Amino acid sequence: MAGRICVSIGAKTIKELSSSINKALDISDFLEIRFDFLDQSEISSSMKIIESIKSRSIFTLRSREQQGNFKGNEFERLKLLKMLYDANPMLLDVEYDTMIANNSLNNYLKDKSNVLISWHNFSSTPSDECLEKKIYDMKKFSNNIKLVTMATNVTDSLRVLNLYDKFKDSNLITFAMGDCGVISRILCTFYGRSPFTYASLEKSIAPGQLSVIEMRRIYDRINKYFVDNVITN
């Protein structure tokens with residue numbers, strides 16, 4: 001019942017990207033490649049490194065408006081998103097706001113089976129009604145949904161986890177950021193049946209994100225406790 005882990009890699013050079021991938025391969029189930037951390041001129045050449053692991057990778061290219069690091073303009077980012085889509089990764093992460101604002105991109109991404117529609121609220125966790133409506137709106141583009149909020153209390157984490165019961169027909173990934181959201185990052189693969197949770201390789205690149213070593217240690221303890229109880233009882 002071990003939860004699966006996706007390691008987010010925010011490498012600033014191709015050399016660092018190659019090194020980080022090699023470190024992450026044996027301790028993670030999936031990899032999120034944050035192309036926005038790379039210099040724009042190196043994104044195309046980095047694809048040679050990614051080729052052998054793209055079937056287990058999520059490609060992400062966040063703009064600064066989305067708390068990312070891409071320094072180019074939106075026209076350049078959209079062009080690169082199309083290139084990343086054509087590379088055929090396991091999933092291409094595209095922000096809901098980007099899809100709404102760019103009909104041409106929506107039309108280009110004809111097969112949405114490997115498109116992950118994401119939405120982040122970096123300041124709070126809106127009402128349950130707001131979150132549910134957001135997911136319904138996101139489902140119009142793809143059944144692969146990632147919804148992440150900022151938890152200001154533990155109740156926010158529990159509310160986010162409750163969304164799994166309401167959207168059982170979706171490939172939903174939802175958890176909360178921040179210190180109060182850590183519990184949701186851990187439990188989303190167990191309680192919520194999320195296909196995976198996110199962790200950092202070493203240094204966190206998102207609020208409340210645990211390292212893959214920390215996450216693996218926690219999951220091993222959960223699994224050991226579960227197995228021991230099943231055998232005992």
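Helices here are DSSP runs of H or I with at least four residues, and strands are E runs of at least two, both numbered from the N terminus. The model is predicted, so local features need pLDDT of at least 70, side-chain atom pairs count only at pLDDT 80 or more, and totals for chains, interfaces and linings use all residues. Residue numbers start from 1 along each chain as its sequence is written, and side-chain values use heavy atoms, with hydrogens and water left out.

**Exercise 1.** Work out where Ile183 lies and whether it is buried, exposed or partly exposed.

*Solution.* Start with the element: Ile183 sits in helix H9, residues 182-187. Next, take the cut-offs: buried is under 20% relative accessible area, exposed is over 50%, and partly exposed is in between (1.4 Å probe, protein chains only). Ile183 has a relative accessible area of 35%, so it's partly exposed.

**Exercise 2.** Find out how strand S5 is enclosed.

*Solution.* First, look at its residues, 115-120: six of the six are buried, so S5 is largely enclosed by the rest of the structure. Then check each face: Val115, Ile117 and Trp119 are buried on one side, and Leu116, Ser118 and His120 on the other.

**Exercise 3.** Name the strands that pair with S5, and a residue partner for each.

*Solution.* Two strands pair if DSSP finds at least two bridges between them. Strand S4 (residues 91-95) runs parallel to S5, joined by four bridges, and Glu95 stands opposite Ser118. Strand S6 (residues 144-150) also pairs with S5 in the parallel sense, over four bridges. There, Val148 is the bridge partner of His120.
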